[in-house]
Amino acid sequence: MNFLEKAAARAVAGAAQFISGAQARWFGDAPTTEQRVYFANHSSHLDFVVLWSSLPPEVRMTTRPVAAADYWSKGLRQWMACHVFRAVLVARATRAAAAEALRHPEQGRKKMIDPLLEVLDSGESLILFPEGTRGNGYEVAAFKSGLHTLCVARPGMKLVPVYLENLSRVLPKGEVLVIPIICKVSFGSAMEMRAGEGQEEFLTRARAALCGLRDA
Amino acid sequence: MRLSSWRLLGGVDQQLLHTLVGILAVLAVASVVGLVLKFTMRSAAAEGTIRNLNQRLAAWWWMVLIFGTALLSGEIVSLVLFGLVSLLALREYITLVPTRRGDHRALFWSFFIVTPLQYWLIAEKWYGLFAVFIPVWVFLFLPTRMAMAGETEHFLERAAKVQWGLMVCVYCVSYAPALMLLPLPGAKAGAKLLLYLVVVDQMSDVLQYCWGKLAGRHKIAPLVSPNKTIEGAVGGGLSAVGLGILMRGLTPFSVGAAAGISAAIVVMGFAGGLTMSAIKRDRGVKDYGTIIRGHGGVMDRIDSLCFAAPVFFHLVRYFYTP
């Protein structure tokens, strides 16, 4: 990152903190610069911006959010995504993509997961949203299999659940106007996939850990 | 050195300036007391109270400096400050009450169009519209906007929540700087009344807190506001009325009128504190926010002002303007 990008990152993180009034609360371990996969509930395009800005600066520098390519590939947004957030842009699960994935399941999954594995192999941390798509903000949807696939490919990976509160009220799905409601970002204890744990079982446990932070 | 010889402050109103310096002096004394307590107190039980006291005092320095600077800088700066206070309070309130997807546009209007317009009407000295803009125009428009959004679940509740938030955080708060639009004789008469209102109202809170901590025995409303006691309310309230009489030089009030109007500020302030506490208890939280260390949120600090400001304004307008 050059100086301009670093300064922009600081400024954007500061602005996001100020506007969202986000209060980061660490219920599990203290923040660490060690490699982690932060997984959160998803209800707004601002989700990863607020989560990312809630991390301490030294953690933020080595943490990359996974974001929807179609939303973050235009104009200023693209510059921000590539240079400020250093986002990993992935294609969203559209109907066409889902149909394609049904025809070639292995190829579709590889396309989604490979860029993430590359980041992990470089030692950096990730922010991802295992529901796959933005929800209505009232409930957390069932997790897609991606989180499990990632853990199978990189056993022992430490996952940190993060519950984002009120982001769907700041900028809900299908809205362009932002209103300044105070957000809460709750970080839970790190977890990892147990030996021999099945996909269904693991995803349910991860989702429960995330939802458990809602009333914390 | 006489204060009036300060060249930078040469253009400002001397009475306002002297009152503000007096407030800072009181705050300095209180801060010294806070420090003495910090270094002499040994019991663990008192430690929390004293730490909170010192946090509150530190915040008071900031609040007095910001408010004082705005007041001395003139009407527009004061209006902007109160507008920001309204926005921060509304934000804390809306965060606390659950809203739904269908309220989004109505909330956007509330924050970014209604609030600035309400304060702009004061700057324009347009009393006729200032007084009815929110209760007539906005209260009819916002539910309509929410109905247009098409979500009918809990409709009445949601409309009421947004209206009450605008009523308390914007309409009521805006009455404090609106004192500056009253046609009163004398230089900076409105700014002086604003200072008088804020000092009597806030000191009423502080004195009720002190009396309650020192002599409080009988709780008034243990379920709604566990720290309010009869001894605190009566002792603090009467002390605040005394302060109101002492400070009547800022106002056109006689001794009797100052006592009566201060009493109105105290009673309304108490009502505001109690009502806004009931909302917190309903939502299961202790404070509206965390923005002011030791105090909680902006709304925790101005809950009494919200109720006192409109009543004070209308008393002054009825009895003292032509």
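Helix axes are lines fitted to C-alpha atoms over the stretch in contact, and angles between them run from 0 to 180 degrees between N-to-C directions. The tour below applies this to a predicted model, in which local features need pLDDT of at least 70, side-chain atom pairs count only at pLDDT 80 or more, and totals for chains, interfaces and linings use all residues. Residues are numbered from 1 along each chain as its sequence is written, and chains are lettered from A and ligands numbered from 1 in the order in which they are written.

**Stop 1: chain A**

Select chain A, which has nine helices and seven strands. Helices (H or I, at least four residues) and strands (E, at least two) are DSSP runs, numbered from the N terminus. Along the principal axes, the C-alpha atoms of chain A fill a box of roughly 45 × 35 × 35 Å.

Of the 216 residues of chain A, 39% count as buried. A residue is buried if 20 or more other C-beta atoms lie within 10 Å of its own, exposed if 12 or fewer, and partly exposed in between, with C-beta atoms placed from the backbone. Of the contacts in chain A with a separation of 6 or more, 74% join residues 24 or more positions apart; two residues are in contact if their C-beta atoms, placed from the backbone, lie within 7 Å.

**Stop 2: where chain B meets chain A**

Next, display both chains. Here 12 residues of chain B are in contact with 11 residues of chain A. On the chain B side, α3 (75-96) and α4 (104-123) are the elements that give two or more residues. That side divides into four nonpolar, five polar and three charged residues. Ala, Val, Leu, Ile, Met, Phe, Trp, Tyr, Cys and Pro count as nonpolar, Asp, Glu, Lys and Arg as charged, and the others, Gly among them, as polar.

**Stop 3: α1 and α7 of chain B**

Select residues 14-40 of chain B, helix α1, together with α7(B); their axes are 10 Å apart and the angle is about 20°. That makes α1(B) roughly parallel to α7(B) (angles under 35 degrees count as roughly parallel, over 145 as roughly antiparallel, 65 to 115 as roughly perpendicular and the rest as oblique). The crossing is left-handed, meaning that the near helix is turned anticlockwise from the far one by less than a right angle; clockwise would be right-handed. B:Gln15, B:Leu16, B:Thr19 and B:Ile23 of α1(B) make the contact with B:Ala191, B:Lys192, B:Leu195 and B:Val199 of α7(B).

**Stop 4**

**Stop 5: two loop residues of chain B**

Most residues other than glycine have a negative phi. Select B:His154, in the loop between α5 (127-149) and α6 (155-178) of chain B; its phi is near 50°. With 14 C-beta neighbours inside 10 Å, B:His154 counts as partly exposed.

Finally, select B:Lys188, in the loop between α6 and α7 of chain B. Is B:Lys188 buried or exposed? B:Lys188 counts as buried, with 20 C-beta neighbours inside 10 Å, and its phi is near 55°.
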